[in-house]
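Student: Hi! Could you walk me through this one while I have it open?
Tutor: Happy to. Ask away.

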Amino acid sequence: MDSWDSRHLPISLHQEKLVHAIKANAFLVVTGETGSGKTTQLPQYLYQAGLGKNGKIGVTQPRRVAAITVAQRVSHEVGCSLGKEVGYQVRFDDCSSENTVIKYMTDGCLLREILADPSLRQYSVVILDEVHERSLNTDILLGLLKRKVFHPQGSSPGRSTSLKVVVMSATLETAKLSEFLGHCPVFTIPGRTFPVAETFCSLIGPKDTDSSVYVKEVVKVALDLHTGEMTGDILVFLTGQSEIEKACDMLYEKAEAIDYRYDVHDHSVEGLLILPLYGSMPTDQQRQIFQPPPKGVRKCVVATNIAATSLTINGIRYIVDSGFVKQLNHNSRVGLDILEVVPISKSEAQQRAGRAGRTTAGKCFRIYSKEFWEKCMPEYTVPEIQRTSLTSVILTLKCLGVHDVIRFPYLDCPEERFILAALKQLYQCDAIDRRGHVTRLGKLMVEFPLPPGLTRALLKGASLGCEDLLLPVAAMLSVENIFIRPGQQDKQQDAEREHRKLITKSGSCNDFTVLLSVFEKCRASDSPSTWCRDHWIHWRAMKSAFNVETQLREILLRLKKQNDFPMETFDGSRSELFRRCLCSGYFANVARRAVGRTFCTMDGHGSVVHIHPSSALFDQEAELDWIIFHDVLVTSRVYVRTVCPIRYDWVKDLLPKLHEVDAYELSSVARE
Ligand code: ADP
Ligand code: MG
C-alpha cells in the first residue's frame, strides 16, 4: 500500500466546510499548496455529498497526462475500474461512460463539449483545475463560464443556473480570480510547508542555453547529491522527452560505477532508482513514479514541468532545477507558433523548489547562477493566451455565438494584434467571411480537434473524395514523432538507413506522402509491431495514429451525412490531387527557393528558411522551386519540417488571399 493516506491530507479537515461552500455559491475559488489534495480529494467529497446525482462532476486539467494519471488514482481510491464511476477524456482518448460521475478531462475537451452543449446540461459541477497555469483553453473556459451563469443568453431555457463552478489554483492570483468571477468567495486550505534551502550552483550562466550543457550539469549535481546527502528522493526538472532520456542514460551509467562502501556519505542509501516522467510516456510506466522505492534505495525522478504542480510525488526532498522549460510561443519573426526551450520565470523556480518542502525540510539546487536568475528569468510566466496563436479558440468562440471576440471577458487580454492575426487566418481558410461571421466551412472545421490549416486540407480532400489520402496524414501529424532516433551513434546510423529506405520506397520526394506510405505499409503488414521494429518506427505512436485516423474518419462521416456537405470534382493525377488539397490548407506556409539551399516564405514576412535534415527533400533543394511545409523549428536557423514540393499555379489564386483583407476590417465588424 502507499506510504500516505488520503485521510491525512491537509484538505481532509475541511471536507464539510468545502462541500457547504460549493453548495452555497455559484462560483468558488479554492486555493491551497500543491499536494494538499485538491485535485484528487475534492471531487470525491462532492460525489459523497450527492452532488453527482443530477449531473457529472467535471474536472479539467491543462495537461493530458495529468488528467489520465489523476483519474487512475481516484478510481483506485473510490474502488471502481477506470471508466466506470471515475473516468477521463482527453483528445482522441475517451475512457468514460454513461455511468461516469467524476470525469477528469483536458480543458480542450470541455471546450469541445461546450460546442456540442453550450449549457453543459450533463454537469452539476465543473471544476477548473490548475488555473494558475493559465493555459489558453482554461482562460477561455473561465470567460465562457463566467458569462454562462451571469447571462445565460441564447442557452435553452431550463438550464439551471444551478451549475456550480469551482476554480482551483495554487496560491497565486486568487484575489484576481475572485474579482473576475463577480467577487466570489475564496476558500483557502491551510497547509504547512517546510523550509527549503536554495543553492545557486552557478554551473551555467546567461550564455549556456544549449541543452547538451545543462543536461550534463544537471546529471552531475544529481549524482553529487546522491552520494553526499542524507536519505530522501530527488526530483530533477528538464524540458522534454529526449533530454530526459539522455539524462537518465547518463545517470544509469554513472550510478553503476558508484561504490556504496566508500563513495556514499549516508550509508543507509545503497542504490539509485532512476525514473523518467514526461507527457507521452506509457501510463503503466508512469504509475511507478508514485510508488515508494525499496528500502535503502533513493528514487530519482527526471521530469518535465508536469511535476511542478500537476502531479505531486511523495517523498521528494531534493530538487535539481535546470532552469528551463519547453513553451509554445508565437514567433513574430516567422509568424508561427513554435515550441521552444526558454528560461523559466522566477515564480516558476520558486514553485519547483517548493516541491522539496512538503513533508520535511528540503534542499533545492539550481544549476544556474544568480546572474542567470537576474538577467534571464522573468518575474512571472506570461499566460499562454498572450503568447500563442488564437486561431482555433477564436473559431470556437465564433461558433459559440461570441461575435465580438475583442471584448470577450478575458482574465488577461491578449494583444489585439494576436486577435487580428487569428481573424485573418480564419478568413484565409474560409472559416469566416468578410464580416467576421462563421461560414459553413468554418462550422465544419470546428468539429475537428486539429490545427486549422490541416483541417482545411482534410476537408478539401473530403470534398474531392480523396479523404483516404488526407486522413492518415492528419493522424500521423497528430501523434508524437513516429521515427525512432536512438541515442547511440551506431544505432542512429542503422535507424537513418532504414528511414531513408522507407522514403525511397514511398516513391516520392514529399514528406506527407512518406507519412501516408508508412501508415499504409504498417497497417497492411501481417505483424505491424514487428514491421515497426524492423523499420525503426515507434509502434506506440503508430497505434495512436491508427486510432486517431478512425476517430477523424468518424467525425468526417458524420459531417458528410449532412446534406449540405460541399462536393467538388477534379481530374488530374492522384499525386497532384493530394498536393492540391495540401495547398488549400497550407498556402500560408508557402516558400519559394531563394539563393543556394534557402527558401523565402510568401506570407508577407519573407523569412529565410531551410529544409530540416529529417526531410525527404533535404539535400535536393537545388531541384526545388516552390514548397509548402507543415511546421517550423527554430534553432540557430529557421527550419521547415514535413515539406512538399508544389507548383506555383496551384497556389497562384490562393496567395492573394493572404494580403487581400486588412484584419481591421474583420474586427471592425466585430466591434459593432
Ligand atoms: P493538489 O491537487 O492539491 O496539488 P493532489 O490531489 O494532486 O493535490 O495530491 C494529493 C496527494 O495525492 C499527494 O500526496 C500525491 O502524491 C497523491 N497522489 C496523487 N496522484 C497519485 C497517484 N497516481 N499515485 C499515488 N499518489 C498520488
Ligand atoms: Mg492539483
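Student: Let's begin with a strand contact. In β6, what is the bridge partner of Lys 56?
Tutor: That would be Tyr 123. Keep in mind that this is a predicted model.

Student: And how do β2 and β6 pair?
Tutor: In the parallel sense, over five bridges, with β6 covering residues 123-128.

Student: Which residue in β5 is the bridge partner of Gln 61?
Tutor: Thr 106. β2 and β5 (residues 102-106) also pair in the parallel sense, over five bridges.

Student: Is β2 largely enclosed or open?
Tutor: Five of the six residues of β2 (residues 56-61) are buried, so the strand is largely enclosed by the rest of the structure.

Student: Switching topic: how many residues surround ligand 1, and which are the closest?
Tutor: There are 20 around ligand 1, and the closest are Lys 38, Thr 39, Thr 40, Arg 73 and Phe 290. The elements giving two or more residues to that shell are α2 (38-48) and α3 (64-78).

Student: Now helix α13. Why does its length agree with what it should span?
Tutor: At 1.5 Å a residue, the 13 residues of α13 (residues 416-428) should span 18 Å, and the end C-alpha atoms are 18 Å apart, so the two agree.

Student: Is α13 mostly covered or uncovered?
Tutor: Mostly covered, with ten of its 13 residues buried. Among them are Ile 419, Leu 423, Lys 424 and Tyr 427.

Student: What about the phi of Asp 430?
Tutor: Asp 430 follows α13 and has a positive phi, near 65 degrees.

Note on methods:
Residues are numbered from 1 along each chain as its sequence is written. Chains are lettered from A and ligands numbered from 1 in the order in which they are written. This is a predicted model: local features need pLDDT of at least 70, side-chain atom pairs count only at pLDDT 80 or more; totals for chains, interfaces and linings use all residues. A residue is near a molecule or strand if its C-beta atom, placed from the backbone, lies within 6 Å of it. Helices (H or I, at least four residues) and strands (E, at least two) are DSSP runs, numbered from the N terminus. The expected span of a helix is 1.5 Å times one less than its number of residues. A residue is buried if 20 or more other C-beta atoms lie within 10 Å of its own, exposed if 12 or fewer, and partly exposed in between; C-beta atoms are placed from the backbone. Two strands pair if DSSP finds at least two bridges between them.
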